[in-house]
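Please look through the charged side chains of the structure shown here, and follow how some of them pair.

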Amino acid sequence: MKNFIKIALLVSIIGPFFINNKLYAQSFYRMKLGDFEVVALLDGAVPQNLDQLLKGTKPGAISKMMAKHSQTAIMNCSVNAYLINTGDKLVLIDAGTGDAYGPSLGHLTEGLRKAGYQPGQINAVLLTHTHMDHIGGLMTGDKLTFPNAQIYLSKAEGDYYLNPTNREKAPEAMKRFFDGAAQKLNPIIKAGKLTTFEFGKELFPGITPIASFGHSAGHTFYAVKSKGEKMLFWGDIILSDIIQFANPTVTSVYDYNELNGTSTREKALKEAAKEHYWIAVAHIDFPGIGHLVKADTGYRFVAVN
Ligand SMILES: [Zn+2]
């Protein structure tokens, strides 16, 4: 009995390290999309309190919904980015957190290398928006992390977040998004590496940016198509799969315009379930790739096997 207690104690102490190691051991996930290769890259994960993060429900409702899935409101939130190898170009969608946060994040380039690619090989980085968990990895200290890449951002997002006058007018809680954009994107602009674009026109063969405003002022989806297969990269329109697929009207404290965010989400969910293409989501459990199906209440996410 004594030995059993000793073993149980040992497992409870070292178990979490194995769980973490397992998480970080799978730092990339590779799949084919027509002639393209898609590589999901895990930047890391960080606990988020959904009771504080999400809005638009009655007090206590989030915890209750999570409990139905045997979970608490404290979610271990993945930060996912994606590499598209078109055969001709290496295109990264979002750049991870870089050195902006703690040690559980900032591992994107490790996963990239493990998947067989070097940061210097990346031709382009397409940004879904300018929040720090998507642009932090563009710079490593004062050096460009992807020295040979052009960085692509929607004109709407750049015009809004890179304009100091808009920062002055913005609510106090939102000012940090302007500061983050200036910190990470001004060196990119100075190096002549930022390209802004209008929506709806292909940036590379098979890769098209789509307007999806709400979470940020110029939030962008990227539609990637090859040989009749399609994946839509959703950025941050969903922060909690359990809550927001079932209840698309739930918004987040990070949203720039909650009303637009909700209508963007409702439209996107409906279309993804109807057309049954792949979706890739930045903050749901790694690799964040799957399909959406209609459920009794809202929708259900079916993760890639
Ligand atoms: Zn994000």
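A salt bridge is counted here when a side-chain nitrogen of Lys or Arg lies within 4 Å of a carboxyl oxygen of Asp or Glu. By that criterion the structure holds eight salt bridges. The model is a predicted one, in which local features need pLDDT of at least 70 and side-chain atom pairs count only at pLDDT 80 or more, while totals for chains, interfaces and linings use all residues. Residues are numbered from 1 along each chain as its sequence is written, and side-chain values use heavy atoms, with hydrogens and water left out.

One of these bridges joins the side chains of Lys227 and Asp35, at 3.0 Å from N to O. This pair links distant parts of the chain, 192 residues apart, since Lys227 sits in the loop between β12 (220-226) and β13 (229-233), and Asp35 in the loop between β1 (28-33) and β2 (36-49); strands are DSSP runs of E of at least two residues and helices are runs of H or I of at least four, numbered from the N terminus. Lys227 is exposed, with a relative accessible area of 65%, whereas Asp35 is partly exposed at 46%; buried means under 20%, exposed over 50%, and partly exposed in between, with a 1.4 Å probe and protein chains only.

A salt bridge also forms between the side chains of Asp99 and Lys184, at 3.1 Å from N to O. Here Asp99 lies in the loop between β5 (90-93) and α4 (108-114), and Lys184 in helix α8 (residues 175-190), 85 residues apart. Lys184 is buried, with a relative accessible area of 3%.

Lys143 pairs with Asp142, their closest N and O atoms being 3.8 Å apart, and both residues are exposed. Finally, salt bridges that share partners join Arg167, Glu168 and Asp179 into one network.
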